Amino acid sequence: MDSFFTMRRILVLAIVMLVFSQSCTRVSTTDIGSGLIPAVDGVNTFDTTFSVITDSYEDFDTVRVYKSDNHVLGAITNDPIFGKTTGKLFFQVSAGSYPFATQGSRDSIKIDSAVLILSYHGSYGDSMQPLKLNVYEMKTKMDPFLSYPANYPTVSPLEYYPTPLGPTKTVDVRRLGDSVINRFEAATSQIRIKLNSSFAKRMILDYDSSNAYKSDSLFLTYFAGLAVIPDAIAPANVLVNINLADTNTKLALYYNTATTGATVRDTLVTYLKFNSSTSANANIILRDRTGSEVVKHLSATPKSDSLLYIQSQPGTGVRIRVPGLQNLTNRIIHRAELIAEQVPYDANLALDDKLSPPRYLLLSMYDSLNKHKSNIPNDYVYDMTNGPNITDFGGFIGYKSIMGYNRVGAYWFNVSRYVQGIVTRKDTAFNMILTAPSNDSLYYSNVYPNQAYKQITYLTPGIGNDVGNGRVRLGGGTHTRFRMRLRIVYSKI
C-alpha cells in the first residue's frame, strides 16, 4: 500500500512540474551576473520576457569637442546604412611667448619649408583606403573661450580662404604608426603635411616681433588659424583621431641661417603650437544621410520598428517602451536585464566589421519637458570618487556567436533595482532611450530612498566614445531573429 501511494505522489509531482515548465520559459544562462542569479527551476524561480516597442530618432543634442579631446578628421563616403560623414578640423597656433623672433641673423635667413604636423591617435573605418587632406588659412577669427558645437546643422559657419596652403596630402593610414627620425625629433604617429614656400616665407621672414609676433592677440589678426579639410571628391572611408593638445601637433618652420658675424650656417626649426589656454579649436562633424537605409527609419514621433539605428554623437538614438511593466505584480526580482543585439549587414559583412559598433551605449530616460537625459533609477549609480557604476549597470559592447554568425555585437543593461521599485513600491515605469555618447551630461537622481538628491553628472570620451566613432544597427522589439527584449528572473512572494 505504501508503495502504491509513493508512486502516486511521484506521478502527481511530475505532472505539476510539467505544467509549470510549460507556463514559464526556462532560460539556463544569462549574459551578465549569472553567478548571482538562482537557477530557474520552474518551481521556485521563474523567468519571463517582456516585449518592447522601439524606434529610432535623430539626436539633436549639442555635442562639443574640448581642447584635450581627440578630434575627428576624415570622410566616410561609402556607408549604405548610415550615409556619409565628414570631419573638419579648425584650430589656432601660437608662438607661446611674445614678442617672438626667429633665431639667427634675419638678413642671412634662407627659407627651407613649413610642415603642419598632426598627432595621430587611431582611426575608425577602412584604413585600406587613402585619405586626402587639404590645409587652408582661416578667414574667421575664432574665440578661444568658446566651445564650438560639433554638430552644426548643415554648413560650418567657420570660413577659410579657398586656396590651399599646399598640395593635397594623401595619407596612408596604415603607415601612420611608422617612426619619424630626423635631426630635430624622433617620433611616431604623425601626419606631416608640407605647405607652400610662400607660406613658409610669410611665417619665418615677413612676420617678426615688430608686427605679427609682437603679441598673441596681434598675431591672430595677422593669422586667424588653420583649417584641415578632407578632399570633397576623393573617395574615402576612414576617420582619424587627432589630438591638438599633444606635443606632437605643431606647425614646424624650417630655415637656414648664420648667427651675426659668423660664416657657418645652420639649419634650425621653430615650432608654433596649439596652446590649450589661449588657442581656439573647433571640430565640425557633418552627417549626410541622403539615400541611406537609416533615413527610412528615423521618426520624430514614437512608432514601432523592427530595426534600430544608433550612431555615435552627433548621430541617432533609440526610444524604448515596455508595455505592461507598470502592472507587473509584486515579486522578488533576481535579475532584470535589457538585451540588445546587432543585426549583421549581410550585403557586406566586411564593411560592417570596419565600420564597427560603438564601444559604449548609454541607457537613460529622456525628460521631454526639461529636455535632458536622466539616469535609470537605482541601477545607474554615480559616485563622486569612482564615477558611474558602468561595469555593473552595463553598456559596454560584448560579442557572441548567434544565429549562424560568429561575431555579433551585443549590449546588456542591468535594470533589476529599477524593476523591483516598480513592482514593490509602484514607482513609475519610464520610457527609455539608448544613445552612443561622447561628451554628454546626465541629470542624476540618487538611489532610493534618497532620490531627492539630484545633480548634473558628465560623461567623457574616456567613458563613452570618441566623437563620431561607431554606429550599429540593432534588432527592435518586433525583429524575428535579433529581438530587443527585457528578461526578468524572479521568485513569487
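User: Where is the place of Asn-378 among the strands, and how should I read its phi?

Analyst: In this predicted model, local features need pLDDT of at least 70, side-chain atom pairs count only at pLDDT 80 or more, and totals for chains, interfaces and linings use all residues. Residues are numbered from 1 along each chain as its sequence is written, and side-chain values use heavy atoms, with hydrogens and water left out. As a general idea, most residues other than glycine have a negative phi. Asn-378 sits in the loop between β20 (372-374) and β21 (382-383), where strands (E, at least two residues) and helices (H or I, at least four) are DSSP runs numbered from the N terminus. Although Asn-378 is not a glycine, its phi is positive, about 75°.

User: Which peptide bonds are cis, and where do their prolines lie?

Analyst: The general idea is that most peptide bonds are trans. Here, the bond from Tyr-98 to Pro-99 is cis, with omega near -5°, and Pro-99 lies in the loop between β4 (84-91) and β5 (110-125). Another cis bond joins Tyr-448 and Pro-449, with omega about 10°, and Pro-449 is found in the loop between β26 (440-445) and β27 (454-459).

User: How many residues does the largest nonpolar core have, and which have the most contacts inside it?

Analyst: A nonpolar core is a set of buried Ala, Val, Leu, Ile, Met, Phe, Trp, Tyr and Cys residues joined through side-chain atoms within 4.5 Å. The largest has 45 residues, and those with the most contacts inside it are Phe-91, Leu-116, Ile-191 and Met-203. Apart from that core lies another, of 42 residues, among them Leu-361, Val-419, Leu-434 and Leu-459.

User: What share of the protein is buried, and what share of the contacts joins residues 24 or more positions apart?

Analyst: Of the 493 residues in the protein, 53% are buried. A contact means heavy atoms within 4.5 Å, and among contacts with a separation of 6 or more, residues 24 or more positions apart account for 79%. The protein has 6 helices and 29 strands.

Technical notes:
Buried means under 20% relative accessible area, exposed over 50%, partly exposed in between (1.4 Å probe, protein chains only).
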